[in-house]
Amino acid sequence: MTRSVAVRVPATSANLGPGFDTLGLALSVYDELVVTELPGPGLEISVSGEGAEDVPTDASHLVVRAMAYAYEAFGRTMPGVRLEAVNAIPHGRGMGSSGAAVVAGLLAAKGLLAGDVEIGEDALLRLATELEGHPDNVAPALFGGLTIAWVDERGGPQHKKLLVHRGVAPLVFVPQFTMSTSVARGLDPLQVPREDAVFNLSRSALLVAALTQSPDLLLAATEDKLHQSYRAPAMIETDKLVRALRAEGFAAVISGAGPSVLVLADGPGRRLEAARIAASTTDTPWDARMLAVDVRGGMVRDHTEGSTATVI
């Protein structure tokens, strides 16, 4: 019987202000895919939703590339596949769309190879980091919640998942314009003043405490001197909104590489006030998305006809 798997992967927001390339948060927006083995070689791709008009429909599609990478890593030949994707994660907005695609491809490979090759969490994170370049987006996409990610010189990429305090209420403002991650990263200096590095170390440590125990500390904990100010000239409207929200006491930061703005509100009700500020502050229309923290991360289940939809 032709094997088929269904995959669901959450959006993510990386950096969270001071936690550059280290901290990430999984959010309740999802790309969903069904990947089915074909009886012979070939590739069939259909995409709906976000990016449907822009993403390639050949072997260069990032999900397919990630699948092929996993098959090669474990010495297996990738079969012909049919990929049906329904995307909800905005592309080029700093919500981890490329990381989600990488994770989706790896999870699809994990599901299709189940029973032949067992791909564990460590291998998934390693492969995802090799493809994405850094683990701060792929770790929360894989595992959910708040993740601290780092690369060990001997053990490779590592992560620690933490549960977020129930008083933390995420809100993401998504603009119509996009931002290239490579362009944003190119604006970062190669060296920063020592006092700025120390500043961010203190805020990153505080942010972990604020997100897990003390949401009242979120405003101070999301201060940053390493990357946001350097990228601001390329995202003037984003920077303007972040400053306006922070002036009113909201823990607002650039989401990932931008240009979306993440607000970590200390309660669901506060998000409505933040949305009013956004509507009156800039000339840019912002899509205010009131989200939850995803706690499960990426999931793959058997979707073969007649299966019991077991999570793999």
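Two strands are taken to pair if DSSP finds at least two bridges between them, and helices (H or I, at least four residues) and strands (E, at least two) are DSSP runs, numbered from the N terminus. The structure described here is a predicted model, in which local features need pLDDT of at least 70 and side-chain atom pairs count only at pLDDT 80 or more, whereas totals for chains, interfaces and linings use all residues. Residues are numbered from 1 along each chain as its sequence is written, and side-chain values use heavy atoms, with hydrogens and water left out.

On these terms, E8 and E9 form a hairpin with six residues between them, and glycine 256 in the turn has a positive phi of about 60°. The pairing of E8 with E9 is antiparallel and runs over three bridges, with isoleucine 254 standing opposite valine 261 of E9. Strand E7 (residues 169-174) pairs with strand E9 (residues 261-265) in the antiparallel sense over five bridges, and the bridge partner of alanine 169 in E9 is alanine 265.

Accessibility was classed by relative area, buried meaning under 20%, exposed over 50% and partly exposed in between (1.4 Å probe, protein chains only). Strand E9 is mostly covered by this criterion, five of its five residues being buried. In a regular strand the side chains alternate between the two faces of the sheet. In E9, Val261, Val263 and Ala265 point one way and Leu262 and Leu264 the other way, and all are buried.

A salt bridge was assigned where a side-chain nitrogen of Lys or Arg is within 4 Å of a carboxyl oxygen of Asp or Glu, and by this rule the count comes to nine salt bridges. One of them joins the side chains of aspartate 116 and arginine 76 (2.8 Å, N to O). This pair links distant parts of the chain, 40 residues apart, with aspartate 116 in the loop between helix H2 (97-113) and H3 and arginine 76 in the loop between helix H1 (62-73) and strand E4 (81-87). Aspartate 116 is partly exposed, with a relative accessible area of 45%, and arginine 76 is likewise partly exposed, at 33%. The side chains of glutamate 223 and arginine 203 also meet in a salt bridge (2.8 Å, N to O). Here the partners are 20 residues apart, glutamate 223 lying in the loop between helix H7 (218-221) and helix H8 (228-231) and arginine 203 in helix H6 (residues 194-212). Glutamate 223 counts as partly exposed at 29% relative accessibility. Aspartate 266 forms a salt bridge with arginine 270, the closest N and O atoms being 3.4 Å apart; aspartate 266 is partly exposed, with a relative accessible area of 41%, as is arginine 270, at 26%.

Aspartate 294, in the loop between strand E10 (287-290) and strand E11 (299-302), is buried yet has no salt bridge, the nearest side chain of opposite charge, arginine 8, being 4.3 Å away. A polar atom of the aspartate 294 side chain lies 2.6 Å from the backbone nitrogen of glycine 297. Not counting residues up to four places away in sequence, aspartate 294 touches Arg8, Pro10, Ala26, Leu27, Ser28, Tyr30, Gly144 and Gly145. Glutamate 132, placed in helix H3 (residues 121-132), counts as buried at 18% relative accessibility.

Key. Lys and Arg count as positive and Asp and Glu as negative; His and the chain ends are not counted. A polar contact is a pair of N or O atoms within 3.5 Å; within protein, one must be able to donate a hydrogen and the other to accept it, and residues adjacent in sequence count only if both atoms are side-chain atoms. Contact means heavy atoms within 4.5 Å.
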